[in-house]
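Please keep the sequence and the 3D view side by side. The paragraphs below walk from the sheet to the core, then to the helices and a few loop positions.

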Amino acid sequence: MSVNKEVKRVTTHVLLEMKRKGEKIAMLTAYDFSMARIIDHAGIDIILVGDSASNVMAGHQTTLPITLDQMIYHASSVIRGINRALVVVDLPFGSYQGNSKEALNSAIKIMKESGAHAVKLEGGREVKESIERILTAGIPVMGHLGLTPQSIYKFGTYTVRAKEEYEAELLIEDAIILEKSGCFAIVLEKIPASLAQKVAKQLTIPVIGIGAGGGVDGQVLVLHDMLGITNEFSPRFLRRYLNLFDDITKAVGNYVKDVKSNDFPNSGEQY
Ligand code: KIV
């Protein structure tokens, strides 16, 4: 019997056990009650209330504009929809980079006001003190290395990270620092598959990849991308399971046609 099937609630300990037994971890983003309810029902292990909400829910170009209160709104909606998954919430840009006290306060506010189970933040050695301080309040922390979208203006592009030897070494060092600081898992975004596999082998905590190959302990995708709601974003790592942009366009087109032609509502669809 898999660890995943046995548990009523996914916890950070369950995830560690899954890694230990070589059972892959499935993670997706969600930002609202209805989607969270469906993906929890479908058996997802971790739901990330990602700051990608800034892009896919609010239409911004980057993740930078979303606020702490907006993240809490999304997270509390997700929490009302789930029974089983572990819910992790991104600390948004500007809510933790100032100092570790600010990071702790932001993490506490998320946990208190949304009911979420853990937080995620981007960065390596530069956020070590913040991770340790958040952990003193008993709040589990997930790390995030590789492509870190909150630093997009520092790097200038969304291309694959850590391709050079020295960058790869720095990333491995950072991953070890995150594990030693107490992170329960880390996300590796858009890095070479061989490097991600090396990190996953070296760490005892789960390593979840996005665009980081199959040699890691689990995978995460942005829900709107894998469902094909976003149709203009097609990186190589993305597998689309549906094409909802086209399906919804067709359904709404049919509705418009039916209303305008007086086909809807028919006699059986009224009182
Ligand atoms: O915000 C987000 O959706 C993320 C994932 C891409 C890991 O951080």
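Two strands pair if DSSP finds at least two bridges between them. Helices (H or I, at least four residues) and strands (E, at least two) are DSSP runs, numbered from the N terminus. This is a predicted model, in which local features need pLDDT of at least 70, side-chain atom pairs count only at pLDDT 80 or more, and totals for chains, interfaces and linings use all residues. Residues are numbered from 1 along each chain as its sequence is written, and side-chain values use heavy atoms, with hydrogens and water left out.

Start with the sheet. It is a closed barrel of 8 strands in the order β1-β2-β3-β4-β5-β6-β7-β8, and the pairing is parallel. On average, neighbouring strands of this sheet are turned by 25° against each other, direction ignored. Such angles run from 0 to 180 degrees between N-to-C directions, and axes are lines fitted to C-alpha atoms, for helices over the stretch in contact. Strands of a sheet pair through backbone hydrogen bonds, either parallel or antiparallel.

The parallel strands β5 and β6 are joined by 5 bridges. In β6, G146 has E189 as its bridge partner. Next, 4 bridges join strand β6 (residues 185-189) to β7, again in parallel. Here E189 finds its bridge partner in I210 of β7. From β7 to strand β8 (residues 218-221) there are 2 bridges, and these strands run parallel. The bridge partner of I208 in β8 is G218.

How enclosed is β6? Of its 5 residues, 5 are buried, so β6 is largely enclosed by the rest of the structure. Buried means under 20% relative accessible area, exposed over 50%, and partly exposed in between (1.4 Å probe, protein chains only). In a regular strand the side chains alternate between the two faces of the sheet. On β6, A185, V187 and E189 lie on one side and I186 and L188 on the other, and all are buried. Strand β7 (residues 207-210) has V207 and G209 pointing one way and I208 and I210 the other way, all of them buried.

Now look at the nonpolar packing. A nonpolar core is a set of buried Ala, Val, Leu, Ile, Met, Phe, Trp, Tyr and Cys residues joined through side-chain atoms within 4.5 Å. The largest such core has 61 residues, and those with the most contacts inside it are I47, V87, V119, I134, I186, L188 and V199. Helix α5 gives the largest share of this core, 6 residues. A second, separate core of 20 residues includes V3, M27, V88 and F184. In soluble globular proteins, nonpolar side chains tend to be buried together.

Take V119 as one example. Leaving aside neighbours within four places in sequence, V119 is in contact with residues including V88, V89, L91, I134 and M142. Contact means heavy atoms within 4.5 Å.

Turn to the helices. The axes of α5 (residues 68-79) and α6 (residues 100-114) come within 9 Å and cross at roughly 35°. On the α5 side the contact is made by L68, D69, I72, A75, S76 and I79, and on the α6 side by S106, K109, I110, E113 and S114.

Finally, visit the loops. Q150 sits between β5 (141-146) and α8 (152-155). Why does Q150 count as buried? Its relative accessibility is 5%, so Q150 counts as buried. Beyond four places in sequence, Q150 is in contact with D51, T63, L64, L91, P92, F93, Y96, Q97 and E122.

Most residues other than glycine have a negative phi, and most peptide bonds are trans. A162, in the loop between α8 and α9 (165-181), has a positive phi of about 55°. At 9% relative accessibility, A162 counts as buried. K190, in the loop between β6 and α10 (193-202), also has a positive phi, near 50°. The peptide bond from F264 to P265 is cis, with omega near -5°. P265 lies in the segment after α12 (244-260).
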